[in-house]
Amino acid sequence: MAKIVKTPATSSRIPWQDPPQGMTAPVWRYSNNPIIGRNPLPGVSRIFNSAVTPFEAGFAGVFRVETTSSLPHLRVGKSLNGIDWTFQDKPITFYFSENEIWNPHYAYDPRVIQIDEDYYVVWCTEFHGPSIGIAKTRDFLKFERLENAFLPFNRNGVLFPRKIKGKYKLLSRPSDGGHTPFGDIFISESDDCVYWGKHRHVMGKGGSGWWQNLKIGGGPAPIETDEGWLIFYHGVTNTCNGYVYSMGVALLDLEEPSIVIKRASDYCLTPEMPYEEVGFVPNVVFPCAAIAEADTGRIAIYYGAADSYVALAFTDIDTIFRFLETHHESVGNDQSLGK
C-alpha cells in the first residue's frame, strides 16, 4: 500500500479516533463533533471552513470568523490537542511592507500550507470581486501579504506543500461574482509565489456521479505519498432543495500534478449528521485541512459543516487508498493550452 512521504514536524500527535465497529465508509466522523459550535466568541456568530496545521508543541489555525454583521474575516487560533481552541480577539493584520497594512474588506475559506520554514495562508479575498489572496508567516503573529495570485474571479486556492521541479504549484477554481453555478480545478505555477502562469486544467465537474455535477473545488493541501499527491476536494450538486456539498478524493502525479492518476467515482463524506444538514447553509461538508502522520498513516480532516460549525473526521492511508482502488473511474488528461 501507499505510504505518506513527509509530514510537518511536531511533538504532538494529530487528533485521532478509531473507526466505529463495523464501519465500512472510508472516512468516519469524530464522535464529539462539532468541535466549534455556534456563537463561539463574543460578537461572533459562526466559525467554519477553517484550516489547521501542526505548529510548535501543538497546532495553529487560521479560521473563517463571521461576526454578527455576517462579514467574514480571518483569525488565528491555537490548540494543544487540535480539538480545543483558543482564539485571538482580533482579525489578522496583513502587512504588505514594514509600514503598509493591506487588509481585505472580506476574507474567507483559508488554507494553511507549510513550505520549508514558512506557513502560507491562501484564502478568498476581496479584489473587486473574489480572488486568491496569499500571505506568509513563521510565528502566526505577523503576516506578510503577497500579491493576489489572480484577477477576479477565483476561489479555492490551495498551495502544494513543497516546490515541484523548483516551482510553487497552486490549485484554484476560476469562478464568477455570484454563487458560481459551475467550476473545474486548475493548476498554476510560479517561481516566487507572486507571478503565476503555465495554467493547466486538472479535473472537471461531473465525473461518474451526480454528487459533483455542478462544480468542484480544491480542499486541503495535498498530502504527498510515494504513489502521488493525495487530494481531498469538494463537489457540489444542485437538487430540488438546493445545493449539496460533499467530499471527494483523487490522486495526482507527483512530478506533474495536472495529471490525475485516480479519482473516486463516489463521495467519501456527504451531509448526513444534523450539524451538516441544518445550519446557516444546509447540507454542506467543506474540507479545508488534512493533517497526516507518516509513521502511523493516520489522517485528520477538518471541515466546515453547514457553514456554521467546524467538524473533524478521520481516515488512514490504507483505507483511503483501498477506496480509491475499488471506486476509481477512468480519467482523461488533456494538458493542451486550450483545455
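This is a short exchange on how the labels for a predicted model were assigned.

Colleague: What ground rules apply to the values?

Modeller: The model is predicted, so local features need pLDDT of at least 70 and side-chain atom pairs count only at pLDDT 80 or more, while totals for chains, interfaces and linings use all residues. Residues are numbered from 1 along each chain as its sequence is written, and side-chain values use heavy atoms, with hydrogens and water left out.

Colleague: Why is Cys-124 called buried?

Modeller: Buried means under 20% relative accessible area, exposed means over 50%, and partly exposed is in between, with a 1.4 Å probe and protein chains only. Cys-124 has 2% relative accessibility, so the residue counts as buried. Cys-240 has 90%, and is therefore exposed.

Colleague: How do you know that Cys-124 is in no disulfide?

Modeller: A disulfide is a pair of cysteine sulfur atoms within 2.5 Å. The nearest cysteine sulfur to Cys-124 is that of Cys-288, 11 Å away. The search of the whole structure finds 0 disulfides.

Colleague: What makes a set of residues a nonpolar core?

Modeller: Its members are buried Ala, Val, Leu, Ile, Met, Phe, Trp, Tyr and Cys residues joined through side-chain atoms within 4.5 Å. The largest such core has 37 residues. Ile-35, Trp-85, Phe-140 and Tyr-302 have the most contacts inside it. Among the elements giving two or more residues to this core are strand E8 (107-115) and strand E9 (118-126). Apart from it lies another core of 28 residues, including Ile-223 and Phe-232.

Colleague: What makes E8 and E9 a pair?

Modeller: Strands (E, at least two residues) and helices (H or I, at least four) are DSSP runs, numbered from the N terminus. Two strands pair if DSSP finds at least two bridges between them. E8 and E9 have 7 bridges and run antiparallel. The hairpin has 2 residues between the strands, and Asp-116 in the turn has a positive phi of about 60°. E8 is mostly covered, with 8 of its 9 residues buried.

Colleague: Why is the pair of Phe-94 and Trp-123 called stacked?

Modeller: Rings of Phe, Tyr and Trp (its six-membered ring) pair if their centres lie within 6.5 Å; planes under 30 degrees apart count as stacked, over 60 as edge-to-face and the rest as tilted. Phe-94 and Trp-123 are 4.7 Å centre to centre, with 20° between the planes. Phe-94 lies in strand E6 and Trp-123 in strand E9, so the pair ties together parts 29 residues apart in sequence.

Colleague: And why is the pair of Phe-96 and Trp-102 edge-to-face?

Modeller: The centres are 4.8 Å apart and the planes stand at 80°, so the pair is edge-to-face. Phe-96 has 30% relative accessibility, so this residue counts as partly exposed.

Colleague: What makes the link between Asp-191 and Lys-167 a polar contact?

Modeller: A polar contact is a pair of N or O atoms within 3.5 Å; within protein, one must be able to donate a hydrogen and the other to accept it, and residues adjacent in sequence count only if both atoms are side-chain atoms. The side chains of Asp-191 and Lys-167 are joined at 2.3 Å. Asp-191 lies in the loop between strand E14 and strand E15. At 51% relative accessibility, Asp-191 counts as exposed.

Colleague: Is Arg-29 buried or exposed?

Modeller: Arg-29 has 17% relative accessibility, so this residue counts as buried. Its side chain reaches the backbone oxygen of Thr-270 at 2.8 Å.
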